[in-house]
Amino acid sequence: MADNSFSDGVPSDALEAAKNATNTEKLTDQVMQNPQVLAALQERLDNVAHTPSSYIETLPKAVKRRINALKQLQVRCAHIEAKFYEEVHDLERKYAALYQPLFDKRREFITGDVEPTDAESEWHSENEEEDKLAGDVKNKVVIAEKEAATAEEPNPKGIPEFWFTIFRNVDMLSELVQEYDEPILKHLQDIKVKFSDPGQPMSFVLEFHFEPNDYFTNSVLTKTYKMKSEPDKADPFSFEGPEIVDCDGCAIDWKKGKNVTVKTIKKKQKHKGRGTVRTITKQVPNDSFFNFFSPLKASGDGESLDEDSEFTLASDFEIGHFFRERIVPRAVLYFTGEAIEDDDNFEEGEEGEEEELEGDEEGEDEDDADINPKV
């Protein structure tokens, strides 16, 4: 039987390899003649050549040694910065005690326990002058209408649904609130922030104060956020100030049949042997704002959380921080919507600045063709 593995003394696999090499060379020549491909390759090479890390690699050992010394100094700076934030936390605790009497009075006005005096109720609006001119023109008619309206106008106690209205106004909170949460939140009377005591690990507690209601027996629901203000040993340069690292909720003592965080479902089961079917009921988790008090725990055993859990935890931390920094200190402005308008204007301003910077960068790129500065 003839052996076909050789042709004129040359192995057939060697011939095939030579043929493939020739085809590859032809394809390479065709690609390299394409100006678009060449431009893309050149751009990639330029980017590689100008990366900071590639530049550092080209430096002499003596210079690299000095850079390492600078990094040592930077780590020491990060630790000093951590101490700075610890003192800031102490200041926050000090001034929280000064704010609290004002917040207590705010609660009394909201609940109607105390009626503000005429002096406390006086407020000069931005449109006061326009209102005054309009009032002078229509004085008699307005007075008559006001007298009639005052006689008919209801006078509810305090400011009804104050905190619930804030929940509705703020997107971050309204997304958490289900329809069946609403009647419960209407019983919310106050939200307080309490800072950790001196000498204790850095943390803060959110206290949600409720009037007696038909849903649970707790008068206060709490959420504790634990914080850390120290550089990470593995990555000290990532330190940007205190961060929330974990949180704890509280048990809600729900009254019978009122727990909105669970729902009852019916499920049919078939007996394998007898073939009979029975219906069982079981409770499963239900979407609700009040799941806020049963938070996901940060992993403390070295195991990483999955992506969904990390997102849930990060969102929880963001909400807790927002309550502490914005909602509680500026509650009346979130009730009226003024703070929300300010937030929106600030975000629009940031976007405008980014667009302007992008335009400037494009202009700089054009100028670079002439200047071409090098460091």
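**Figure 1. Gln100 counts as buried, with a relative accessibility of 19%.** Buried means under 20% relative accessible area, exposed means over 50%, and partly exposed lies in between, using a 1.4 Å probe and protein chains only. The model shown is predicted: local features need pLDDT of at least 70, side-chain atom pairs count only at pLDDT 80 or more, and totals for chains, interfaces and linings use all residues. Residues are numbered from 1 along each chain as its sequence is written, and side-chain values use heavy atoms, with hydrogens and water left out. Gln100 belongs to helix 4. Helices (H or I, at least four residues) and strands (E, at least two) are DSSP runs, numbered from the N terminus. Between the C-alpha atoms of Gln100 and Lys194 there are 10.0 Å in space, although the two are 94 residues apart in sequence.

**Figure 2. His89 is another residue of helix 4.** His89 counts as buried because its relative accessibility is 4%. Beyond its neighbours within four places in sequence, His89 is in contact (heavy atoms within 4.5 Å) with Phe195, Ser196, Met202 and Ser203.

**Figure 3. Four strands form an open sheet in the order 3-4-5-6, with antiparallel pairing.** Strand 3 (188-195) and strand 6 (243-248) are the edge strands, each pairing on one side only. On average, neighbouring strands of this sheet are turned by 20 degrees against each other, direction ignored. Two strands count as paired if DSSP finds at least two bridges between them. In general, strands of a sheet pair through backbone hydrogen bonds, either parallel or antiparallel. Strand 4 (residues 203-210) and strand 5 (residues 220-228) are joined in the antiparallel sense over seven bridges. Glu207 has Thr222 in strand 5 as its bridge partner.

**Figure 4. Helix 4 (residues 61-111) packs on the sheet, where it touches strand 3 and strand 4.** The direction of helix 4 makes about 170 degrees with that of strand 3. Axes here are lines fitted to C-alpha atoms, for helices over the stretch in contact, and angles run from 0 to 180 degrees between N-to-C directions. Helix 11 (residues 307-327) lies across strand 3, strand 4, strand 5 and strand 6. It runs at about 75 degrees to strand 4.

**Figure 5. The largest pocket has a volume of about 1200 Å³.** A pocket is found on a 1 Å grid over the protein atoms alone: it is an open set of points where a 1.4 Å probe fits, with protein on both sides within 12 Å along at least five of seven lines, and lining residues have an atom within 4 Å of a point. Grid points are joined across faces, edges and corners, and the volume is the space filled by probe spheres set on the points. The largest pocket is lined by 34 residues, of which Phe103, Arg106, Pro329, Arg330 and Val332 are the closest to its centre. At least two lining residues each come from helix 4, helix 5 (118-121), strand 3, helix 11 and helix 12 (331-336). Helix 4 gives the largest share of the lining, eleven residues.

**Figure 6. Glu161 has a positive phi of about 55 degrees, although it is not a glycine.** Glu161 sits in the loop between helix 7 (139-152) and helix 8 (162-169). It counts as partly exposed because its relative accessibility is 32%.
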